[in-house]
Structures are given as C-alpha cells and as structure tokens.
Amino acid sequence: MRFAVIQFPGSNCDYDVVYVLKNVLGVPTDLVWHKFFKGDVYDAVILPGGFSYGDYLRSGAIASHSPAMEEVKKIAEDGRPVLGICNGFQILIEAGLLPGALMPNDCLKFVCKWVTLKCETSGTAFTCMIPEGRLLHIPIAHREGRYFNTREELEKMRENRQIVFRYVDEKGEVNSKANPNGSVENIASVCNVKGNVVGLMPHPERASEKVLSPYKDCDGILLFKSMVRFLKS
Amino acid sequence: MKTKHYTVEVIIENKPAARDPEGETIYKDLILKGGYEKIKSVRTGKYLKILVDANGRKEAEKIVFDMCNALRIYNPVIHTHKIRVRG
C-alpha cells in the first residue's frame, strides 16, 4: 500500500498530511511535485490545503488544469480513494470531480477555528469507520469555503448520499450559528456518487493527534484510518 | 489576410441564486450609509481585459468564448459571463 500527497505551487499543508500518514498512521507515503505525479504506483492520493497558484482567478482553478489532475481523474475513475482537503477540495471541484462550487465566506473573512462536524454517511472511502451521526472536532482555516449548489443538484446529491459532513453545534443540530462560512445546508464535505472521491474544507491532518486538540480527541485520524481500511477490504 | 489586435473584455458575475456578500456589504455599509438611496443594489464580479490576434471582431469574440469554456474561466454552477469586443 502506497500513498501520494501532491504538492502544487502554493500548497502549505502538504508536509502535515505526509507527517500524519507516515508518522502517526505508519503507512508509506510520497510527497510528489505536481508536474512529476504519475498515478499508477499509488493506492490513494491526497490533495493538501494551501493557496495553489495564489488562489488566482478562483481557488483551485489553475491547479485543476495541472497534468497531475489527469492522473487524479484516472485514479478516481478506477475507484481508488482521492481526498481533497481545503484547497485540495477546491481543486477537485474546479476539476469537475466533485459537484458544486466553493465561494468566498459570507463574512468575507478568513475563518480559522475548531468546528463540530456531523458525519452524514459512512458510505465513502474516508468515512467507512465513522458511524453516521457521529460528531467530530476538526479545525477549519479558509476564506473561500462557502459551499454552493443549485436546489435541483442538492436534491440529487441527497438522493445519492453525496453530503459527507455538515457543520453542527455541540448537540449535533444543523443551524446557522454553527455555520462558519454560509455554506448551503451547512455542508462541509461532499463526495462523488461512488464515494471514493471526497472533498472537505476542515483539516483532518490538524486533528490527528490528541496533543493538538483542545478537545483532547483525534477525530481527524478517523478519515485516514477509514482510507486504509477501505483499501484493505 | 493580415490579423489585427482586438481588446476583448470578459465580465464574470455571480448568478442571482448565488449570494454576493461583497456586493451586499459595499451596498449596505458604504453606499446606503453614504446617503445614496437612489442606488438599489450592487453586484461585484471579476473583469478580464484580453488582447487577441484575430481576423475580425467575430473571430476575436469566438476565440475568447471558446477559451472561457475550455479552461473554465468562469464556473458555470455559480457564474454568468459577458464577452465584449472593444476593437
């Protein structure tokens, strides 16, 4: 089993993801520059957070045309797991691998804080170890994370179980107070129809060790553990 | 036939269904507070000024139109775009 973290110009959470995979989870992981990325040798790929190409045009818009994304599309078609975190999520959306759009936060500010998420489906490669309804503490750090899609598309996504995480309060309630960026229906994470491609705005790699969490939990590691279990099964 | 440079403008705007908090803030906190009640709304957008080598205005417009779609210069889920050839 071998994992790749793709580094784009402007990625800045790449080493954190590599650290978690290698040192916390103990799985072989390569950090690969986007121009050299070849998907054949990897079982799964992660697009890390950051500000690829300075967020010019729209976050993720320019990186979505990198040759690496053609390889990522092949991996996605194969059914191998693909995870996009924050800017990685924006890249997957811009590349058309995930539905919808990510727009500037409604408060127009960069929001950096711990949020509570509710798992809406265990049917993805990154949530197969997380029971539906389980609450997770994971931090966000972004300015363009307001998920948007049309009413008709959201209806289809609900039918296909493509909403993976929602922002909720400590009781697990979906409400506007728990929504940090104005995302439609408090959506924090979505997946493709098959469930092997997942994008999320929160940073699970920053919540994968107890020492890093004010809640003294390490909920983020569950996404990476789920990926490993998904591959083993 | 000799080609000519054309200036082509692309204006990208949010669709009405997608909120524009920047436009709303400019309107509420600057324009209305400044006393301009006759102004009824503001929508922000993105503006690209593009220089194109083409055989005519129509071709210049087509080159930019095709490029916008092929490279997803705008996101069709949330944006509308207008193309204007300035000559």
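What share of the contacts in chain A between residues at least 6 apart in sequence join residues at least 24 apart? The share is 75%.

## Model and confidence

This is a predicted model. Its scores are an ipTM of 0.80 and a pTM of 0.93.

For chain B, the mean pLDDT is 94, and 99% of the residues reach at least 70. Within chain B, confidence is lowest in helix α1 (residues 21–32) of chain B, where the mean is 93. Confidence is highest in helix α2 (residues 57–70) of chain B, with a mean of 97.

## Chain A

Chain A contains five helices and 11 strands.

Computed along the principal axes in the model, the box filled by the C-alpha atoms of chain A is roughly 45 × 35 × 30 Å. Buried residues make up 56% of the 233 residues of chain A. As for the contacts in chain A between residues at least 6 apart in sequence, 75% of them link residues at least 24 apart.

## Where the chains meet

The contact between the two chains involves 11 residues of chain B and 13 residues of chain A. On the side of chain B that touches chain A, six residues are nonpolar, two are polar and three are charged.

Definitions and conventions: Residues are numbered from 1 along each chain as its sequence is written. Chains are lettered from A and ligands numbered from 1 in the order in which they are written. This is a predicted model: local features need pLDDT of at least 70, side-chain atom pairs count only at pLDDT 80 or more; totals for chains, interfaces and linings use all residues. Two residues are in contact if their C-beta atoms, placed from the backbone, lie within 7 Å. Ala, Val, Leu, Ile, Met, Phe, Trp, Tyr, Cys and Pro count as nonpolar, Asp, Glu, Lys and Arg as charged, and the others, Gly among them, as polar. pLDDT is the predictor's confidence in each residue, from 0 to 100. Helices (H or I, at least four residues) and strands (E, at least two) are DSSP runs, numbered from the N terminus. A residue is buried if 20 or more other C-beta atoms lie within 10 Å of its own, exposed if 12 or fewer, and partly exposed in between; C-beta atoms are placed from the backbone.
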